[in-house]
Amino acid sequence: MDPDYLPFHANPSKPEFKAPEGAVDAHCHVFGPADKFPYHPKRKYTPCDAPKEKLFELRDYLGFSRNVIVQASCHGTDNAALVDALENAGELARGVAVVDPGITEEELRVMDKAGVRAVRFNFVKRLVDTTPKEVFLSIAEKIKPLGWHIVVYFEAPDLEALIPFLNELDTTIVVDHMGRPDVTKGVEHADFQRFIDFMTSNDKVWVKTTCPERLTQTPPDYRDVVPFMKALVEKFPDRCLWGTDWPHPNMKSHTPDDGKLVDVIPQIAPTAELQQKLLVDNPMRLYWS
Ligand SMILES: O=C(O)/C=C(\C=C(/O)C(=O)O)C(=O)O
């Protein structure tokens with residue numbers, strides 16, 4: 001593991017918040033173990049091993065029932081660890097893969113059978129090299145027959161330039177980590193309002209109200225991020241997802257306590273109805289329907 005990154009929390013606290021029956025951790029990863037699922041030679045970071053057994057143990061400990069496991073850049077387009085976890089979890093997990101443009105229909109069918117329901121387009125420059133938009137568009141065409149959607153990961157300054165490309169994608173789009181707003185600018189700043197306007201004018205766009213631990217300027221206090229998460233849940237209650245982002249790769253500021261992340265949920269979704277949509281209805285409609 002890269003020496004300056006922190007491993008995931010060995011003993012997270014038990015959350016005070018009781019998630020509703022069937023709650024879904026809709027953004028998490030499995031890493032390695034490296035001796036069985038090696039990391040990509042062109043990766044930009046090396047995480048600590050974070051195997052499926054630890055993820056499923058955390059799921060149960062936090063009071064959740066299902067996972068949506070997202071391929072991370074450290075495994076590149078080798079989705080073997082992801083597929084292994086999906087096959088082990090059966091109906092309790094779905095996946096988001098990262099694929100090459102040359103992927104075959106048969107390879108896609110195998111992934112779909114395992115539980116993959118989306119591909120991920122990563123635009124975060126510290127994680128991946130630039131992929132030509134034509135390549136992403138060709139992948140978007142290939143997944144259409146399967147009915148998969150597209151998860152996108154970008155940083156707030158990139159949104160304006162990405163909008164024309166995102167508008168070309170005629171499928172559901174799910175934005176990771178709220179498009180990574182700069183929380184020092186406040187909810188009313190033009191940057192976050194641009195994201196809200198983008199979601200308002202495109203009902204195909206969903207958002208993950210995730211990663212206060214990455215966005216906060218006051219770790220491990222996440223109060224500066226809550227207004228952003230809460231605003232999205234209130235404005236788009238039927239198009240929000242929540243996740244732990246376990247095992248929290250590339251964290252340097254602190255080691256997130258997953259139990260404390262769960263306890264942020266009632267601050268952003270203060271009613272049982274909003275919690276049901278955020279944690280059960282929305283992810284079930286998108287990944288298990
Ligand atoms: O885990 C996350 O979702 C966030 C990060 C990493 C990745 O998503 C990835 O490697 O694909 C990050 O911001 O470093």
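A disulfide is a pair of cysteine sulfur atoms within 2.5 Å. In the structure examined here, which is a predicted model, the count of disulfides by this rule is zero. Cysteine 48 is in no disulfide, and the nearest cysteine sulfur, that of cysteine 74, is 9.6 Å away. Cysteine 48 is buried, with a relative accessible area of 16%. For cysteine 240, the closest cysteine sulfur is that of cysteine 211, at 14 Å, which is too far for a bond. Cysteine 240 is also buried, at a relative accessible area of 1%.

Asparagine 282 counts as buried because its relative accessibility is 0%, below the cut-off of 20%. Threonine 255 is 27 residues from asparagine 282 along the chain, and the C-alpha atoms of the two are separated by 28 Å.

Helix H2 covers residues 80-89, and its buried residues are Ala81, Leu82, Val83, Ala85, Leu86 and Ala89. An α-helix has 3.6 residues a turn, so residues three or four places apart point the same way. The buried residues of H2 pack against both helices and strands. The helices are H1 (52-62) and H3 (105-114), while the strands are S2 (66-70), S3 (93-97) and S4 (116-122). After H2 comes glycine 90, which has a positive phi, near 60 degrees.

The ligand has 16 residues around it, of which Tyr45, Ser73, Arg126, Tyr153 and Asn250 come nearest. By class, this shell is made up of five nonpolar, six polar and five charged residues. Several side chains place polar atoms by oxygen atoms of the ligand. For serine 73, a polar side-chain atom lies 2.6 Å from a ligand oxygen. In histidine 177, a side-chain N or O atom is 2.8 Å from an oxygen atom of the ligand. The corresponding distance for arginine 180, again between a side-chain N or O atom and a ligand oxygen, is 3.4 Å. On its own the ligand has 350 Å² of accessible area, and the protein covers 100% of this area.

Terms used. Residues are numbered from 1 along each chain as its sequence is written. This is a predicted model: local features need pLDDT of at least 70, side-chain atom pairs count only at pLDDT 80 or more; totals for chains, interfaces and linings use all residues. Side-chain values use heavy atoms; hydrogens and water are left out. Buried means under 20% relative accessible area, exposed over 50%, partly exposed in between (1.4 Å probe, protein chains only). Helices (H or I, at least four residues) and strands (E, at least two) are DSSP runs, numbered from the N terminus. Contact means heavy atoms within 4.5 Å. A residue is near a molecule or strand if one of its heavy atoms lies within 4 Å of it. A polar contact is a pair of N or O atoms within 3.5 Å; within protein, one must be able to donate a hydrogen and the other to accept it, and residues adjacent in sequence count only if both atoms are side-chain atoms. Accessible areas come from the Shrake-Rupley method with a 1.4 Å probe; for residues, only the protein chains shown count as cover. Ala, Val, Leu, Ile, Met, Phe, Trp, Tyr, Cys and Pro count as nonpolar, Asp, Glu, Lys and Arg as charged, and the others, Gly among them, as polar.
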